[in-house]
Every structure is written in structure tokens, then in C-alpha cells.
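Reader: Please show me the model, and then let me ask on what grounds its features are described as they are.

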Amino acid sequence: MAAGPAGALSARYIAGSSPVHRLAPQAKLVAVLAFALVVVATPVHAPWAPAVYTADLLLVLGVAAVAGVAPGRLARGLVVEIPFVAFAVLLPFVARGPRVEVLGLSLSENGLATGGGILAKATIAVLAATVLAATTEPRELLHGLERLRLPQLLVQILMFMIRYADVVGGELQRMRVARESRGFRGRHLGALRVLGPAAGALFVRSYERGERVHLAMLSRGYDGRLPQGPRRAVPATQWPTALSLPASAAAVLGAGFLLG
């Protein structure tokens, strides 16, 4: 992928030298995916489920602390969870079954358990993905997916998505600065007369910029595959280190089944 200035997606990476940063990207990808699967496997109606969710949350926060990912960065990563939150909040009101009074509201017991479970699982999985994005450069993530034998076509689609999201984000930022430097303030409906044509201009400028980026990639030898340096073998100690997160979560879940 052509190198370029840090954009919206690239800015999610936090440079560092922590043990989490030093792990191979493919090991981190497998660990986060396995951890998410273990979290999702927790039965929402089990009485011990909240204890398992709490333990999983502490595990993720522990990894974030080791990696040096600040709480504010984790909180910003949870923005993508908003649709799940809206769905989880609605469930107690629309689900059927026995109902319970909470603060004067009649809520479904089944809806409360299911909504709470969805919210807890989504939050823990998003936090794990946030730590992964904060400790791995987007280009390294793509290399990791290639080394995990993900189909080349999917890797290419992800590569262009990351590259062009940064291109469009950069153009959007430059146009916003230009508008505001001319005194524009979009705080009333009349601003739509300016923002409408600006959306069209953004499309044209992003298209032209995307063409230049593609030509630059071709001139640097892009032939449909990511340029890679010498392939380094993952040290034997990295896989057990990375998989300790899902293994710990699986141990907690197993204890819940056995002791619950």
C-alpha cells in the first residue's frame, strides 16, 4: 500500500513498544477473534453470566493497560457500539414474557437479560478490537490477514477501503478548514445551500485524488498484491502470549459452567 500521511483510520494507531505492540499482527488477529467468540458463547440467561462478563472486561482492560492505551481512547472506540446500545435499550420494552417493575416502568425480564447480554458482549468485543487497532498499524493488519491466508481479493478490498477512507477524510478536513476560514458557520438551515454543493465537490475531488493515488501505486510497482519485505517467522513465544487472552476467557467461562 502506498505510504501516505496519517488519515482518519491510520490515526487510530498509537505508536509504542509495549509487549502487545511487539506481537505479530496475525497472532493478535487470531487472539482477538478467539476472545470475541468465547465472549459471545456466554449464555445470557445464566445467573453467573454477569460475573463472566466482569472477568472478561477486566482481562481486556488489563491488556489495554499493558499496551498503554488510555481510557479516553477506549471510550472513543465505543462510539461504533451505539446501534447495539439502541437495540439493547429497546429490548426490555418490546420483548414478551414475565414483566418486572423498574423505576415505575414495566419491563420484560427476558428482554432485560437479553439486552444486557448483547450490550455486555458488544462492549467487551469492541474494546478488544479497539486495543488491536491502537497497537497495530493498518498496513500490518493487512499483512497479518494475508499471512492467515485470507483470500487475496478480500485483502485488496480492505486495503483500498483503508487507503481511500483516509483520502476522503483528508479532503473533507481541508474543505472544512477552507469554508471556516471564509467565515462559514453551519449552525442554521441556510447552511444546507452551501453543504449540498460541497458534498458534490467532495466526491469529484476525492475521485481525482483517488486516481492519482492509484497511479502512484502503479508507478511504485503495485501489481495487485501488497508489497512486502522479507517474511519473518513469528517467534514461538508470541503465539502462547497472544492466545493467553482467549485462553483466560475460556477458563473463566468453563468455571462458570462447572460452578454455576
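Reader: Which residues on the other side of α5 are exposed, and what makes them so?

Author: This is a predicted model, in which local features need pLDDT of at least 70, side-chain atom pairs count only at pLDDT 80 or more, and totals for chains, interfaces and linings use all residues. Residues are numbered from 1 along each chain as its sequence is written, and side-chain values use heavy atoms, with hydrogens and water left out. The exposed residues on that side of α5 are I82, P83, L90 and V94. Exposed means over 50% relative accessible area, buried under 20% and partly exposed in between (1.4 Å probe, protein chains only).

Reader: Which residues of α5 are buried, and how do you know that they lie on the same side?

Author: A88, L91 and P92 are the buried residues of α5. They cover an arc of only 85 degrees around the axis, and therefore lie on the same side of α5; the arc is that of the directions from the helix axis to the C-beta atoms. Their cover includes β1 (99-102), β2 (105-108) and α6 (109-135).

Reader: Why is α7 called roughly antiparallel to α8?

Author: Helix α7 (residues 138-147) and helix α8 (residues 152-181) pack at about 175 degrees, with axes 10 Å apart. Angles over 145 degrees count as roughly antiparallel, under 35 as roughly parallel, 65 to 115 as roughly perpendicular and the rest as oblique, so α7 is roughly antiparallel to α8. The contact (heavy atoms within 4.5 Å) involves P138, L142, L145 and E146 of α7, and Q152, V155, L158, M159 and I162 of α8.

Reader: Why is R12 counted as partly exposed, and what does R12 contact beyond its neighbours within four places in sequence?

Author: The relative accessibility of R12 is 40%, and therefore R12 counts as partly exposed. R12, in the segment before α1 (19-22), is in contact with R73, A133 and A134, its neighbours within four places aside.

Reader: How many helices and strands does the protein chain have?

Author: The protein chain has ten helices and two strands. Of its 260 residues, 35% are buried.

Terms used
Axes fitted to C-alpha atoms, helices over the stretch in contact; angles between N-to-C directions. Helix = DSSP H or I, 4+ residues; strand = E, 2+ residues; numbered from the N terminus.
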